[in-house]
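Here are my notes on this one, written as numbered points you can check against the viewer as you go. Keep the sequence handy too.

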Amino acid sequence: MTRTNATSAFPSTTYAPVSVRHRHRVNWQEAAACAIEIELRDYADMLQFLTEYILGRNNYRIDLLVIRKLSDCAIPKNIARIFRTYNIFELKGIHSSLAANAYYKTIGYAGILIDQLSNAGTERYTSLDVSITFLTFRYPRKLMKHLTVERHLTVEKTSKGVYHISIETFDIQIIVTRELPSEDNLYLCCLTNDLKDRDLLNRLADDYAKHQNQDVYRKYLNQLTTANMKTEGESPMVCEGLFNLFGTSSEEIIAKTKKESDDYYLPKIDELTATNELLSSQLAHLQDLLRQNNISFE
């Protein structure tokens, strides 16, 4: 059945202002969501991307929900061949492993999504309208053993880095980013905190230069450069090769981040201080303590 109004109950994708992160704090889910959207850019007119989608009143969050607007239009991309109308992504960082609890939690979320969609309109949805994709950096050996040995499911490697789970409630695939072919999945392959491959860097720089004015690319690069910062003692050591390929440097990144912080947060602090006498008093006390200890407040 072809549905042309699959996105009617969903808002358009929006991006919040980039905030200042703690040093070396990487939002891998944001980076992965951006990478997936970029990888599927050839089909942008057919898809809608919703990050951290909230299910009803339960505050359950889907990392990424990709809606295919026309269900009878195939998407041949290796990471999207199982796509249905609603496609749930569970995104794991490079330091996280895909375990059974996350696997079954996401299946539960898919059930809640079906119920929510069916209650929102006149159409009835089933498991045939939903696919689930798990994106992980490492091959989940324990989970795969559980699925094949304990549950007797079939795991088929359909292409490099893509594993399809058969005879499951939903159409499910597990994508292992470190196994993906870089010629097909450049942005997903670069999701690492040890990006040294010169060929990958050159290809990434060439492609990024063509799209650097698009927000999703900037957000991706922002997380990638943060991920590739190294710390030696007390001084941050940045992968300058990565910065230089994009016509910038670590000093420029730091200066830009400070400016964005000042532009975004200082007016808010001034506003709060002006309207809250207690906060103003506490702030003055803090400034005095800093001056007494020869610490700059700027």
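1. Let's begin at a loop residue. Ile 167 touches Leu 153 and Thr 154, once residues up to four places away in sequence are set aside. Keep in mind throughout that this is a predicted model. You'll find Ile 167 in the loop between β6 and β7. Buried or exposed, which is Ile 167? Ile 167 is exposed, because its relative accessible area is 66% and anything over 50% counts that way.

2. Most residues other than glycine have a negative phi. Ile 167 isn't a glycine, yet has a positive phi of about 60°. His 152 is another residue other than glycine with a positive value, near 60°. His 152 belongs to the loop between α3 (141-150) and β5. With a relative accessibility of 61%, His 152 counts as exposed.

3. Now for a residue on the inside. Gly 161 sits in the loop between β5 (154-159) and β6 (162-166). Gly 161 is buried, since its relative accessible area is 0% and the cut-off is under 20%. Which residues does Gly 161 contact, leaving aside neighbours within four places in sequence? The list is Ile 174, Ile 175, Val 176, Glu 179 and Leu 180. From Gly 161 to Tyr 139 the C-alpha distance is 8.7 Å, and the two are 22 residues apart in sequence.

4. Thr 177 lies in the loop between β7 (171-176) and α4 (186-189), and is buried at 6% relative accessible area. Beyond neighbours within four places in sequence, Thr 177 is in contact with Leu 135, Thr 136, Phe 137, Leu 188 and Cys 189. Thr 177 also turns up in the lining of the largest cavity, which brings me to the next point.

5. On to empty space. Rolling a probe the size of a water molecule over the atoms shows where such space is left. How many cavities of 30 Å³ or more does the structure hold? The count is 1. The largest cavity has about 80 Å³ of space. Its lining is made by Trp 28, Ala 32, Lys 92, Gly 93, Ile 94, Leu 135, Thr 136, Phe 137, Thr 177 and Leu 191. Two elements, α1 (28-39) and β4 (130-136), each give two or more residues to that lining. Sorted by class, the lining has 6 nonpolar, 3 polar and 1 charged residues.

6. Next, helix α2. The buried positions in α2 are Ala 102, Tyr 103, Thr 106, Ile 107, Tyr 109, Ala 110, Leu 113, Ile 114, Leu 117 and Ser 118.

7. Helix α5 passes that check too. The 14 residues of α5 (residues 198-211) should span 20 Å at 1.5 Å a residue, and the end C-alpha atoms are 20 Å apart, which agrees. What caps the N-terminal end of α5? Asp 197 does, with a side-chain oxygen 2.9 Å from the backbone nitrogen of Asp 199. Buried along α5 are Leu 200, Leu 201, Leu 204, Ala 205, Asp 207, Tyr 208 and His 211.

8. Then there's α6 (residues 215-227). The helix has 13 residues and reaches 18 Å from first C-alpha to last, close to the 18 Å expected at 1.5 Å a residue. Most of α6 is covered, with 10 of its 13 residues buried. Those buried residues are Val 216, Tyr 217, Lys 219, Tyr 220, Leu 221, Gln 223, Leu 224, Thr 225, Thr 226 and Ala 227.

9. Finally, the whole chain. The protein chain has 9 helices and 9 strands. Of the 298 residues in the chain, 43% are buried. If you count contacts with a separation of 6 or more, 62% of them join residues 24 or more positions apart.

Methods: Residues numbered from 1 in each chain as written. Predicted model: local features only at pLDDT ≥ 70, side-chain atom pairs only at ≥ 80, totals over all residues. Heavy atoms only, no water. Buried < 20%, exposed > 50% of the residue type's maximum accessible area, 1.4 Å probe, protein only. Helix = DSSP H or I, 4+ residues; strand = E, 2+ residues; numbered from the N terminus. 1 Å grid on protein atoms, 1.4 Å probe; cavity = no way out; pocket = protein on both sides within 12 Å on 5 of 7 lines; lining within 4 Å. Points joined across faces, edges and corners; volume = space filled by probe spheres on them. Nonpolar A, V, L, I, M, F, W, Y, C, P; charged D, E, K, R; others polar. Expected span 1.5 Å × (residues − 1). Polar contact = N/O pair within 3.5 Å; in protein donor to acceptor, adjacent residues only side chain to side chain. Contact = heavy atoms within 4.5 Å.
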